[in-house]
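Thank you all for making time this morning.

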Amino acid sequence: MNWNCRAVFLVLLPVVLAIEWPPSAEICRDVVCNKPRGSWCTSQMKKGKEKAVCACPEDCPDVFQPVCSVYGRQFDNLCKLHLYTCKKGKNIPMAYEGECIASQKKCKRDEYEQFPVRLLDWFMHLHQIDEFGRLDPNTNIKQVTSEERVMYATWKFNLLDEKKDGYLDKRDLLNFRYALMPLEHCANDFFKSCANKKSKKISLEGWIQCLKVYDAEEYPEEGAEFGGFFEEEDEEEEDIDDIFEADDE
């Protein structure tokens with residue numbers, strides 16, 4: 001270690017130790033922090049004994065140990081994720097350690113136009129596995145008829161609609177969003193644009209429109225309701241739960 005590195009290390013070390021970075025893995029192993037919202041488990045000494053405490057970090061070290069949130073947003077370390085979630089007052093879990101697979105750049109219009117096609121293609125292959133026990137790698141969603149695309153979209157909608165009320169709400173989409181958003185950087189925009197602005201839910205008709213199951217000639221031109229976010233690029237980015245209301249418990 002050269003002298004410059006030593007100097008930096010000696011400057012950072014007291015800061016790192018002061019905020020107990022990283023948190024004690026052993027004492028926090030089975031602790032789930034729900035309050036305060038966004039908090040994480042850390043250790044504190046009380047009466048000479050180490051105790052697990054849920055708290056919000058007040059500051060974080062400049063240590064690059066990237067983590068990816070369930071919303072596909074990358075943070076330099078776990079501390080900074082919880083610093084952000086505490087400020088938002090939301091419980092936003094970590095999806096995995098390491099850099100996000102999804103791009104951190106804003107979803108562009110042409111990327112968004114392709115996203116529903118990839119998603120519907122995935123639904124088709126999942127349907128093949130469900131029905132035949134295997135997928136056909138030679139099939140492509142663009143090769144099938146619009147009626148078949150509607151069938152695949154409806155099949156996935158019905159699987160997600162746990163209450164069978166004809167709408168997908170926040171709870172219906174929870175696990176689906178968490179699985180998808182760390183992998184696809186356009187997923188957040190997709191869910192925001194599909195949700196009805198008043199009811200905060202997605203109807204089957206809205207789901208089918210968002211997935212672009214129709215040919216270009218048949219697809220409704222009044223798609224601004226489902227793609228208008230591109231005109232709001234200068235506004236502060238919203239988390240998906242700002243659209244679907246209350247926090248995930």
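Let me begin with how the elements are assigned: helices, of at least four residues, and strands, of at least two, are DSSP runs numbered from the N terminus. Counted in that way, the protein has 9 helices and 7 strands, and please keep in mind throughout that what you see is a predicted model.

A few overall values first. Of the 249 residues in the protein, 40% are buried, where buried stands for a relative accessible area under 20%. The accessible surface comes to about 15000 Å², and carbon and sulfur atoms account for 52% of it. If we take the contacts with a sequence separation of 6 or more, 62% of them are between residues 24 or more positions apart.

Now to the disulfides, of which the structure holds 7; I will go through three of them. As a reminder, a disulfide is a covalent bond between the sulfur atoms of two cysteines.

The pair I take up to begin with is Cys-33 and Cys-54, joined with an S to S distance of 2.1 Å. Cys-33 sits in the loop between helix 1 (3–18) and strand 1 (40–46), while Cys-54 belongs to strand 2 (residues 49–55), so this link ties together parts of the chain that are 21 residues apart in sequence. The torsion about the S-S bond is about -85 degrees, and the disulfide is therefore left-handed. Is each of these cysteines buried or partly exposed? Cys-33 counts as buried because its relative accessibility is 14%, whereas Cys-54, with a relative accessible area of 25%, is partly exposed.

The next pair is Cys-60 and Cys-79, whose sulfur atoms are 2.0 Å apart. This link is left-handed too, with -85 degrees about the S-S bond. It connects distant parts of the chain, 19 residues apart, with Cys-60 in the loop between strand 2 and strand 3 (67–69) and Cys-79 in helix 2 (residues 78–88). Both Cys-60 and Cys-79 are buried.

The last pair I want to show is Cys-68 and Cys-100, again a disulfide, with 2.1 Å from S to S. Here the torsion about the S-S bond is about 110 degrees, so the disulfide is right-handed. Cys-68 lies in strand 3 and Cys-100 in the loop between strand 5 (94–97) and helix 3 (109–132), a separation of 32 residues. Cys-68 and Cys-100 are both buried.

Staying in this part of the chain, I would point out Asn-77, which is found in the loop between strand 4 (74–75) and helix 2. Asn-77 counts as buried because its relative accessibility is 0%. A polar atom of the Asn-77 side chain lies 3.2 Å from the backbone oxygen of Pro-61, and the side chain of Asn-77 also reaches the backbone nitrogen of Lys-80, at 2.9 Å.

In soluble globular proteins, nonpolar side chains tend to be buried together. In this model the largest nonpolar core has 35 residues, and those with the most contacts inside it are Leu-119, Leu-120, Phe-176, Phe-190, Phe-191, Trp-207 and Leu-211. At least two residues each come from helix 3, helix 4 (146–160), helix 5 (170–180), helix 6 (187–194) and helix 7 (204–210). Which helix gives the most to this core? Helix 3 does, with 6 residues.

At the start of helix 5, a side-chain oxygen of Asp-169 comes to within 3.2 Å of the backbone nitrogen of Arg-171.

Helix 4 has 15 residues and spans 21 Å from its first C-alpha to its last, close to the 21 Å expected at 1.5 Å a residue. Its buried residues include Tyr-152, Trp-155 and Phe-157, and what covers the buried residues of helix 4 includes helix 3, strand 6 (167–168), helix 5, strand 7 (202–203) and helix 7.

I will finish with Lys-106, which has its place in the loop between strand 5 and helix 3. Lys-106 counts as partly exposed because its relative accessibility is 43%. Although Lys-106 and Asp-189 are 83 residues apart in sequence, they are 9.3 Å apart in space, C-alpha to C-alpha.

Key. Residues are numbered from 1 along each chain as its sequence is written. This is a predicted model: local features need pLDDT of at least 70, side-chain atom pairs count only at pLDDT 80 or more; totals for chains, interfaces and linings use all residues. Side-chain values use heavy atoms; hydrogens and water are left out. A disulfide is a pair of cysteine sulfur atoms within 2.5 Å. Buried means under 20% relative accessible area, exposed over 50%, partly exposed in between (1.4 Å probe, protein chains only). Contact means heavy atoms within 4.5 Å. Accessible areas come from the Shrake-Rupley method with a 1.4 Å probe; for residues, only the protein chains shown count as cover. A nonpolar core is a set of buried Ala, Val, Leu, Ile, Met, Phe, Trp, Tyr and Cys residues joined through side-chain atoms within 4.5 Å. A polar contact is a pair of N or O atoms within 3.5 Å; within protein, one must be able to donate a hydrogen and the other to accept it, and residues adjacent in sequence count only if both atoms are side-chain atoms. The expected span of a helix is 1.5 Å times one less than its number of residues.
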